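Hi,

Here is the structure I promised to pass on.

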Amino acid sequence: MTALAQARPRHDVPPAAAATGGAARTMVAIERMTMAFGDFVAVRDVDIQVGDGEFLAIVGPTGCGKSTILNAVAGLLTPASGGVAIDGRAVAGVQGSVGYLFQQDALLPWKTALENVELGLRFRGVPGGERGRRARDWLAKVGLSGFEHRFPHQLSGGQRKRVQMAQALIVEPKVILMDEPFSALDIHTRHLMQNELLRLWQEDRRSVILITHDLEEAIALGDRVVVLASGPGSRVVESFHVPLERPRNVAEIKLDPRFTDLYRDIWACLRGEVEKSYAYGD
Ligand SMILES: Nc1ncnc2c1ncn2[C@@H]1O[C@H](COP(=O)(O)OP(=O)(O)OP(=O)(O)O)[C@@H](O)[C@H]1O
Ligand SMILES: [Mg+2]
């Protein structure tokens, strides 16, 4: 534990539970993982555990390796050393047990909303009738009944994100990975989507890893916030437990004094890393 952490005892949770935010079972175990692109080491010796049903948010300066870590969990990239396990099984290759909301828009432009949502079930060999029914149900859950036959270019940015959310969740993954899912949305749509995500997650708790630049979003949504150091060779600087009860309303919770206290403490930790990352780029 860093000196910074020792100076802030009120965020402490019992050591045994601290690594997974209090959850009983580890769902994702990232262990001593180093990710490199040729000679360039993006992240070094990263250890992160996510409990079953835990909502973990990761923040860190731009370029520090957040998407790289997520890609390793999804099995899209292979670590240079160390590794990842999901539910006790080492990750090797693309994972069927993972739902991924990519940083970039990832819908297929030539398929309708319904067809995009169905994709994961199609790959798993689910028959057409059942596929259509489940995809319609999911579009309804994300508030898009009546939009089944629209193509992505006929949807707003917020609606496209909803389709992506349905696409990721329909396969009932053990782990949901989200890479800045709401960063391109205006603030009102973002609040709406954040609340919607919390509602869906609350119904059926899966393990979530959410990457965000928005510290308020990280605290409002997460059970725990992990701060990454600036790159290259990024590592975990600290992990903060979020002591706010659920269900939460993301707009209202920001007025809670515990929220502002925690924001101040995490920002004190994150700010230095952000400044270093800009100095490195100079
Ligand atoms: N395919 C690649 N080849 C070489 N370097 C890469 C590759 N992908 C990422 N990098 C480098 O690895 C580092 C981490 O990239 P990554 O995309 O994980 O950052 P990030 O934390 O997600 O940034 P942002 O917040 O801007 O999305 C960066 O310095 C990036 O330039
Ligand atoms: Mg990224």
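Helix 3 (66-73) gives the most to the shell around ligand 1, with three residues. Before going on: this is a predicted model, so local features need pLDDT of at least 70 and side-chain atom pairs count only at pLDDT 80 or more, while totals for chains, interfaces and linings use all residues. Residues are numbered from 1 along each chain as its sequence is written, and chains are lettered from A and ligands numbered from 1 in the order in which they are written.

Back to the ligand. In total, 13 residues surround ligand 1, and the closest are Phe37, Thr62, Lys66, Ser67 and Thr68 (a residue counts if its C-beta atom, placed from the backbone, lies within 6 Å of the molecule). Strand 2 (40-51) also supplies at least two residues of that shell, as does helix 3. Helices here are DSSP runs (H or I, at least four residues), as are strands (E, at least two), numbered from the N terminus. By class, the shell has eight polar, four nonpolar and one charged residues.

Now the domains, whose bounds come from an automatic or database domain assignment. Domain 1 covers 1-96 + 196-255, and domain 2 covers 98-172. Their centres, taken over C-alpha atoms, are 26 Å apart. Seven residues of domain 1 are in contact with seven of domain 2 (contact means C-beta atoms, placed from the backbone, within 7 Å).

Cheers

Definitions and conventions:
Contact = placed C-beta atoms within 7 Å. Nonpolar A, V, L, I, M, F, W, Y, C, P; charged D, E, K, R; others polar.
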